[in-house]
Amino acid sequence: KVLEGGKFLEVKMMPNLLNRLEAVAERLERVLGVQPDIDELPATSASEVVVKYDALIHDFLNPWVDASQSIGSEVAAQADAAKNAFTAQREMMVLVSKCKKPTSQHVLEQIVEATAGALKQVAEIKDRSRSSRFWNHLQTVAEGIQALGWVYVERSPASFIAEMAQAAELFSNKIVLEFKMTDQLQVQWVKLFRELLKQLQAYVQAFHTQHLTWNPEGMDAQDYLAGEGRLPSTYTSSKPKGAPGAPPPPPPPPAGPPPSDSDAPNPQALFAEINQGNLTSGLRHVSKDQKSKGGKAPIVLNTPGYKAASTPTPAAAPPSEVKTPAIPEKFVQDGNKWFVEGQIGKQLSIDTATRQQSVYIRGCKDTVVSISGKVNQITVDLCVSTGIAFDDVVSAVELVNCKKVKVQCNGKMPTFAVDKSDETMVYLSKSSLDVEILTSKVADMNVLLPTADRDDWLELAVPQQFKTTIADGKRLVTEAVKHG
């Protein structure tokens, strides 16, 4: 028993008393315009769903944000936006624990509006920082933060989070590779972010196993938003916005009655815009029967002709014209980075690069770039029908959003990463046969290996189709499908 107003109250009445006190505190905050810090948000005693989400924020989000602040630059700004997204989703968990699922599409849009806005900002920071030396950090977060789109997944949302975490690893692996011997803060940053996504997956698996779980006995969500609940826009960031970028989620819930006000916010359209991005706008899909296969001489410099190992396929119809973004021409060295941008129909050489320098090639078409000597890293982005020839690379060569790009390594490279690219061909030297090739969302990629005959190449296709089986009733085993 406890004492209240000179009278004893049964302990079992305490939850009701705490709920009343919490409601009063929330009303005072709204009246006074106070926005509580995420670390000071009171746990909702009525729901373990919120208590555990608060623990996720305190124990795993905040340490990663602190590490991001230590790195600084765009990494810190993007982490702040990611924190806003988690904060907004925390408020959504409060609402979900107190309300039954709304039938109005307009109400659902209000509920996710703040999360969608924060996720869009995460993508915008990445998109306007392409020349940042922390590009892989920004890519890691932009891919991984899409895991917050689990609220839209109607079946096994925890699996969706695992997929987003795996997509982020394509870039986080490069961070570990680059800094594991020189800067342990960067490596720790990767570990903290991976653990954050792992714990988010565990949380969703525990409380929202099949889908977002509402309170069937709860109040109406619209009444909650209009009354005691904070409006989701409370946590929308006020930082400047740039071009839309790459988060979140899968298909939205079944459509309900649309709002009558045409100017009302539409977070689901925002989700679609974020997911679509602006990097490949204007590209036209090319079907497989339109794509040309092997048998062509490589674009890259100093490469002898080759014959495909398999029987050549009949000539196919030429592919459709692919539009490249209008990017201003640029061919310049700026500090430790070379920029080759917006070049069309050129043959360019970089003869003075050093192992401390990196090369960034973007928005080029029908162009050949030759790099002599040893460089730290090469990134190729948004290029079409472009060839890159180089001697040695210290860390990695990366292709992103490219089409019909040919790469020739004359020396050594430890890692070759390809993401969202079609019709890629990579020619390896005998010194580079120990390369690690990472692929994600690629089509028609071939690796050409040297043979004893200098004029002949062994052409091998990178698998596009995979088979997954369940082993021991508790784990998945995935292997490439072999044809023939």
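This report describes the fold, the model confidence and several individual residues of a predicted protein model.

## Basis and confidence

The model is predicted, so that local features require a pLDDT of at least 70 and side-chain atom pairs count only at pLDDT 80 or more, whereas totals for chains, interfaces and linings use all residues. Residues are numbered from 1 along each chain as its sequence is written, and side-chain values rest on heavy atoms, with hydrogens and water left out.

The pLDDT, the predictor's confidence in each residue on a scale from 0 to 100, averages 76 over the protein chain, and 69% of the residues score at least 70. Over residues 231-265 the pLDDT falls below 50, although this stretch has 90 contacts in the model beyond near neighbours in sequence, a contact being heavy atoms within 4.5 Å. Residues 277-284 also have a pLDDT below 50, with 14 contacts beyond near neighbours in sequence. Where pLDDT is low, the predicted coordinates should not be read in detail.

## Overall architecture

The protein chain has nine helices and 16 strands, which are DSSP runs numbered from the N terminus (helices H or I, at least four residues; strands E, at least two). Of its 484 residues, 48% are buried, where buried means under 20% relative accessible area, exposed over 50% and partly exposed in between, for a 1.4 Å probe and protein chains only. Among contacts with a separation of 6 or more, 51% join residues 24 or more positions apart.

The accessible surface of the protein chain comes to about 23,800 Å², and 52% of it belongs to carbon and sulfur atoms; the areas come from the Shrake-Rupley method with a 1.4 Å probe, and for residues only the protein chains shown count as cover.

## Two residues in detail

K174, in helix α6, counts as buried at 6% relative accessibility. Leaving aside neighbours within four places in sequence, K174 is in contact with N136, E398 and A417. K174 and A396 are 222 residues apart in sequence, while their C-alpha atoms are 7.6 Å apart.

I344 lies in the loop between β4 (337-341) and β5 (347-350) and is exposed, with a relative accessible area of 52%. Beyond its neighbours within four places in sequence, I344 is in contact with K365, D366 and T367; I344 and D366 are 22 residues apart in sequence and 5.7 Å apart from C-alpha to C-alpha.

## Cysteines

With a disulfide taken as a pair of cysteine sulfur atoms within 2.5 Å, the count comes to zero. The cysteine sulfur closest to that of C402 is in C383, at 4.9 Å, too far for a bond. C402 counts as buried at 4% relative accessibility, and C99 is buried with a relative accessible area of 0%.
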